[in-house]
Amino acid sequence: MATSQLLPLELIDKCIGSRIWVIMKTDREITGKLLGFDDYVNMVLEDVTEYENTPEGRKSTKVSQILLNGNNICMLIPGGEGPES
């Protein structure tokens with residue numbers, strides 16, 4: 001009995017064109033629509049909201065497009081709407 005196996009990059013590929021929630025290694029979380037990525041999981045997102053935890057509380061910033069360095073990504077949540085949903 002064979003089980004189908006989904007590799008990490010295949011999962012990310014299925015997310016292109018849809019919303020994704022990215023948790024960074026730092027105190028930042030980012031949501032946006034995934035436009036593309038490479039083998040190093042560097043990602044391009046559009047319609048982005050960046051959430052940052054600061055001593056004063058959570059700060060959110062809207063950006064039209066962003067390039068994320070894959071080295072700084074901790075976790076990806078397909079379809080995720082971010083920490084405030």
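These are my notes on the overall build of a predicted model and on one residue in it, Thr31.

**Ground rules.** I number residues from 1 along each chain as its sequence is written. Because this is a predicted model, I keep local features only at pLDDT of at least 70 and side-chain atom pairs only at pLDDT 80 or more, while totals for chains, interfaces and linings use all residues, and side-chain values use heavy atoms, without hydrogens and water.

**Overall build.** Helices (H or I, at least four residues) and strands (E, at least two) are DSSP runs, numbered from the N terminus. Along the sequence I read the pattern α-β-β-β-β-β. The C-alpha trace spans about 55 × 25 × 25 Å along its principal axes.

**Burial and contacts.** I checked how much of the protein is buried (under 20% relative accessible area, 1.4 Å probe, protein chains only). Buried residues make up 31% of the 85 residues. Next I took contacts, meaning heavy atoms within 4.5 Å. Of those with a separation of 6 or more, 46% join residues 24 or more positions apart.

**Thr31.** I then turned to Thr31, in strand S2 (residues 28-37). Thr31 is buried, with a relative accessible area of 1%. I listed what Thr31 touches, leaving out residues up to four places away in sequence; among them are Arg19, Trp21, Asp47, Tyr51 and Glu81. With Arg19, I also noted a side-chain polar contact of 3.5 Å. Such a contact is a pair of N or O atoms within 3.5 Å; within protein, one must be able to donate a hydrogen and the other to accept it, and residues adjacent in sequence count only if both atoms are side-chain atoms.

How values were computed. Buried < 20%, exposed > 50% of the residue type's maximum accessible area, 1.4 Å probe, protein only.
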